[in-house]
Amino acid sequence: MAKVKYYYDSETLSYRKIKRKKRTTFKYAMVFLTAAALFGFLSFFIVSQYIESPKERQMARELQNMELQFELLNKRTDDAFAALENVEERDNAIYRLYFEANPIPIEQRRAGFGGINRYKKYEGYNNSQLIAESNKRLDILEKAIVVQSKSLDEIAKLAEDKEKFLEAIPAIQPINNVNLTRMASGYGYRTDPFTKVRKFHFGMDFTAPRGTPIYASGNGVIKRADNNSTGYGNHIRIDHGYGYISLYAHMYKFNVKVNQRVKRGDLIGFVGSTGRSEAPHLHYEVFKDGERINPINFYYGNLSAEEYDILLKKASLENQSLD
């Protein structure tokens with residue numbers, strides 16, 4: 001119950017009850033409501049700044065999940081680019097080289113889209129750059145796949161009339177895997193076994209017991225079968241045509257003669273350790289237009305994908321050669 005207030009009336013010498021005017025009551029009520037509204041607004045503002053609502057927490061989780069998904073998408077895009085680059089490298093360095101087609105420059109493979117801004121629709125959002133960049137990379141990847149697909153179509157067309165060419169390419173490992181002790185050294189910088197100096201090794205060394213069969217890696221004509229090249233010892237050179245020559249060094253003995261025609265897989269000689277050699281092995285080289293190239297690119301004819309992968313890893317190790 002509200003307290004009753006009085007005031008002293010000096011005229012009547014008595015106490016009279018104080019009566020509040022309606023205007024005053026209304027003014028007090030408005031002041032109270034205004035203060036309450038202001039307090040409520042300030043409270044809401046402070047709470048909204050420091051305390052998340054359930055809806056805001058849900059939206060934050062969704063945003064975090066979206067960012068994670070974009071990161072995973074970018075990782076998968078990176079993996080796809082890496083796989084595509086491997087195909088592109090083989091396309092330029094092997095397939096297009098085989099068929100004397102011009103390599104496709106990286107600028108053409110990775111070209112974007114000129115003219116209109118294709119990604120304007122992604123602007124104006126908190127993660128616009130992330131979304132636009134992801135879509136841009138996917139578009140470039142898609143275009144690169146189309147370019148590569150057209151390139152392979154071109155190669156397939158060239159291959160239709162080049163059966164003889166394919167038969168001539170040195171495309172198999174010259175020693176069977178079952179006869180190999182190990183793949184001793186690959187193409188690249190290796191330590192010389194005699195001088196211990198690091199120098200470039202232009203072939204691949206396959207260790208195998210003396211007398212292990214050596215096979216022609218492609219169709220061709222025996223151009224040399226002698227020991228008149230310094231360091232090679234008994235060696236054979238096969239001219240495959242199309243600018244390709246394969247060389248087989250440090251042989252024990254020959255099974256062919258000069259000017260003899262051979263086919264891929266024919267027995268041409270046996271493993272030895274003649275010439276500048278530290279142990280029985282086959283030193284194998286491939287030439288294209290007079291330049292030595294890495295033989296690792298020419299074993300698709302008799303190795304499975306698993307065997308090729310193992311050989312590739314061994315060949316990449318920088319160790320000591322055997323010649």
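## A buried glutamate

Which residues does Glu88 touch, not counting residues up to four places away in sequence? They are Arg109, Arg110, Ala144 and Gln148. This comes from a predicted model.

Glu88 lies in helix H2. Is Glu88 buried or exposed? Its relative accessibility is 4%. Buried means under 20%, so Glu88 counts as buried.

## The protein overall

The protein has 323 residues, and 35% of them count as buried. Its secondary structure comes to 6 helices and 15 strands.

Take the contacts between residues at least 6 apart in sequence. Of these, 65% join residues at least 24 apart. The accessible surface comes to about 20,800 Å². Carbon and sulfur atoms hold 56% of that surface.

## The largest nonpolar core

The largest nonpolar core has 30 residues. Which of them touch the most other members? They are Tyr98, Ile214, Ile236, Ile238, Tyr248 and Ile268.

Strand E14 gives the largest share, 3 residues.

What surrounds Ile214? Leave aside its neighbours within four places in sequence. Ile214 is then in contact with Pro174, Ile175, Tyr248, Met251 and Asp266, among others. Its contacts also include the run Leu267, Ile268, Gly269, Phe270 and Val271, as well as Leu282. Two of these contacts, Tyr248 and Ile268, are also named with Ile214 among the residues that touch the most other core members.

A second, separate core has 5 residues. Among them are Phe81, Ile140, Leu141 and Ala144. Ala144 is also one of the residues that Glu88 touches.

Which residues make a nonpolar surface patch of about 470 Å²? Phe26, Met30, Phe32 and Leu33 do.

Phe26 is found in helix H1, residues 22–50. Its relative accessibility is 55%. Exposed means over 50%, so Phe26 counts as exposed. Glu88, by contrast, counts as buried.

## Confidence in the model

How confident is the prediction? The mean pLDDT of the protein is 78. Of its residues, 75% reach 70 or more.

Where is confidence lowest, and where is it highest? Strand E3, residues 182–185, is lowest, at a mean of 62. Strand E12, residues 261–262, is highest, at 96.

How values were computed
Residues numbered from 1 in each chain as written. Predicted model: local features only at pLDDT ≥ 70, side-chain atom pairs only at ≥ 80, totals over all residues. Heavy atoms only, no water. Core = buried A, V, L, I, M, F, W, Y, C linked by side-chain atoms within 4.5 Å. Buried < 20%, exposed > 50% of the residue type's maximum accessible area, 1.4 Å probe, protein only. Helix = DSSP H or I, 4+ residues; strand = E, 2+ residues; numbered from the N terminus. Contact = heavy atoms within 4.5 Å. Areas by Shrake-Rupley, 256 points an atom, 1.4 Å probe, with all protein chains shown as cover. pLDDT = per-residue confidence, 0-100. Patch = residues over 30% accessible without salt bridge, like charges linked within 9 Å, V, L, I, M, F, W, Y side chains within 5 Å. Salt bridge = Lys/Arg side-chain N within 4 Å of Asp/Glu carboxyl O.
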